[in-house]
Amino acid sequence: MQHSADGQPDGTATVQFPRPGFLASVFRDLNADRGPDPDGAAPGPAAPGSPGDGTSGDGLPGDGSPGSGASGPGAADPEESVAAHARAAALTHHRTLTVQTEHDRLADLLRRAALPVSAMDFESQLRHYEPRPYPTDGPEADSEAEPRWADFAPAEPAVADPDGTPARRLLDSGYQRELAQARLAHQRALREWRTRRAEAGSPAADESRRVHEAAEAARARAVREYNESLEECRRAYRLSEPAAVESLLERALAAAETATQDLPAPCRAVFRPLTRTAVLDLDLPPLDLVPSLTGYRLAPDGDIVPVPRPPADRATDYLRLVARLALRALQAADAVDTDEILAGVVLNGWLREPGTAEPLCLVSVDADRDALARTRLLPPATPYEERDDEGVYADSEQDEALVRLRQLGAAVTPDPYGRLGVQPAAQAGAAVPAAPDLSANEFAQLVRDLLTRGGLAEWSVRLRSPAGLVATGEGAPGSALPGRWVVWASRGAAPVSAAEIATLAEAVQEESAERGLRLTTGRFADEALDLTGEESHRHIHLVDGDGVRELARTHLGLPLSAGR
């Protein structure tokens, strides 16, 4: 209560306000701005210690610290912070969806790369000519007769009175209407027939027919010439002419790419008549085709952070795609060779990166015809099973395409992103290959062809490696190579030593053979030549590099380079 000057109360109340700075601290704790006064009046001058007077809660000038007020010019707006966080979350989700789209595209490529290919043999490439009739020609164009009234005349009305005269039937109004319409239709058909006959003999119609017949003759001649050229290519293919074999293989390889036209992976073919082997060079897709991220996440501080994939998973996915492309090319080459001209196929997968001088070989396969026939090249219709823990990706040791590729003895890089290459089984180089340029299967096929054509039958390979092979064979009596033989063939650069000759003599005794043949594309050491001159090793025969090249010219009619 207020008091008068003499100390008596005058009936008015006195309001006690809190100490300065109290409301400011409350609003600051609530993170809200100070509102208007309860009675609706506009806010007056700021109280000492409030956020508006530039002093602290103790009445001192503000120092700009966070405790000096939350509504100053530099303070953060809570609604703007929430909106910024929402925008960052939406951008994170959008980028993650983009990465997921890249994963889905890779999964689709894996599926389409495993689709079976159609055999592009000669029968499937034949064309057939079907003549097209002249537009005015029809089944009855030449035998069209003049329209007859009997075909248009309406049926007479039913006889109501058998004793009535025909004149009474003709007075039927419905019958008269039908009769008039039939006469009009007959006259129209007769007029059109006469017009067609008149136009058929016109010079313009005759010229149009001649143009049509000339075009049909040209179509028939083009189909006939194409089939004749195709038959000529087939004869050249059966004679193992390189151009014909390579043309057929490259057409089959190009047709196999139709399922993945958006994935450039061209494949070129080179045929070696000496060993009847096709060398395929497959261009592999770029490494960045496989996604390197699993997505994005939003960090607590609001930054968008990429989530990288494990390097091993990314390398496995790339190799899975490479394996399917390699198997598809092998299947295309095997399916098109219906006449069994090829004795084997060598496939090299090359990574060609911009800025690099030489391509990098990441996969190499050396498969003979028997291995291709025993191996089901492509995975099943579903090349991968979607699992909750792995998605569409599987471990490299369990991926069926990679397993089948390794069953063919393929050399596959362990880390394509580390640029770790493999040694190509063979390379398509000069037209006349040298022995070191041949693959292991090619060298084995060359030795077999040389000796079987020389009279050694019942060929059986016991050991084989990139350096050579050990085999047994038996020649018929009276042939150039009679009896049972043990053959040891190699293509190393080092001279064959006397120890190797002694080892071959032991193998001949163990196999109960009569003779041994040591064949090399190089030369023999003097000690080896002296050893075979002794009586105990007279049953061991030697063939050096010059002898191998002479056998190739004699039995195969093809040259073999002296090599390096």
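A crossing of two helices is called left-handed if the near helix is turned anticlockwise from the far one by less than a right angle, and right-handed if it is turned clockwise. Helices (H or I, at least four residues) and strands (E, at least two) are DSSP runs, numbered from the N terminus.

The structure described here is a predicted model, in which local features need pLDDT of at least 70, side-chain atom pairs count only at pLDDT 80 or more, and totals for chains, interfaces and linings use all residues. Residues are numbered from 1 along each chain as its sequence is written, and side-chain values use heavy atoms, with hydrogens and water left out.

The protein chain contains 14 helices and 12 strands. Of its 564 residues, 35% are buried, where buried means under 20% relative accessible area, exposed over 50% and partly exposed in between (1.4 Å probe, protein chains only). Contact here means heavy atoms within 4.5 Å. Among contacts in the protein chain with a separation of 6 or more, 66% join residues 24 or more positions apart.

Helix H2 covers residues 78-113, and its 36 residues should span 52 Å at 1.5 Å a residue; the expected span is 1.5 Å times one less than the number of residues. The end C-alpha atoms of H2 lie 53 Å apart, which agrees. Buried residues of H2 include Ala88, Thr92, Val99, His103 and Leu106. The buried residues of H2 pack against strand S3 (293-298), strand S4 (304-308) and helix H8 (311-336).

H8 can be checked in the same manner: its 26 residues should span 38 Å, and its end C-alpha atoms are 38 Å apart, which agrees. This helix is mostly covered, with 21 of its 26 residues buried.

Two packed helices are described by the angle between their axes and the distance between the axes. The axes are lines fitted to C-alpha atoms, for helices over the stretch in contact, and the angles run from 0 to 180 degrees between N-to-C directions. Helix H7 (residues 242-256) packs with H8 at an angle of about 130°, and their axes are 9 Å apart. H7 and H8 are therefore oblique to each other; angles under 35 degrees count as roughly parallel, over 145 as roughly antiparallel, 65 to 115 as roughly perpendicular and the rest as oblique. The crossing of H7 and H8 is right-handed. At this contact, Leu248, Leu249, Ala252, Leu253 and Ala256 of H7 meet Arg328, Ala329, Ala332, Ala333 and Val336 of H8. By class, the contact has nine nonpolar, no polar and one charged residues, with Ala, Val, Leu, Ile, Met, Phe, Trp, Tyr, Cys and Pro counted as nonpolar, Asp, Glu, Lys and Arg as charged, and the others, Gly among them, as polar.

Helices H11 (residues 440-453) and H14 (residues 545-556) cross at roughly 65°, and their axes come within 10 Å. Their crossing is left-handed. Here Leu446, Asp449, Leu450 and Arg453 of H11 meet Val548, Leu551, Ala552, His555 and Leu556 of H14. The classes in this contact are six nonpolar, one polar and two charged residues.

Two single residues complete the picture. Cys361 belongs to strand S6 (residues 360-368) and counts as buried at 3% relative accessibility. Cys361 and Thr413 are 52 residues apart in sequence, with their C-alpha atoms 8.4 Å apart in space. Arg369 is found in helix H9 (residues 369-374). Leaving out residues up to four places away in sequence, Arg369 touches Asp334, Asp337, Glu340, Leu342, Ala343 and Gly344.
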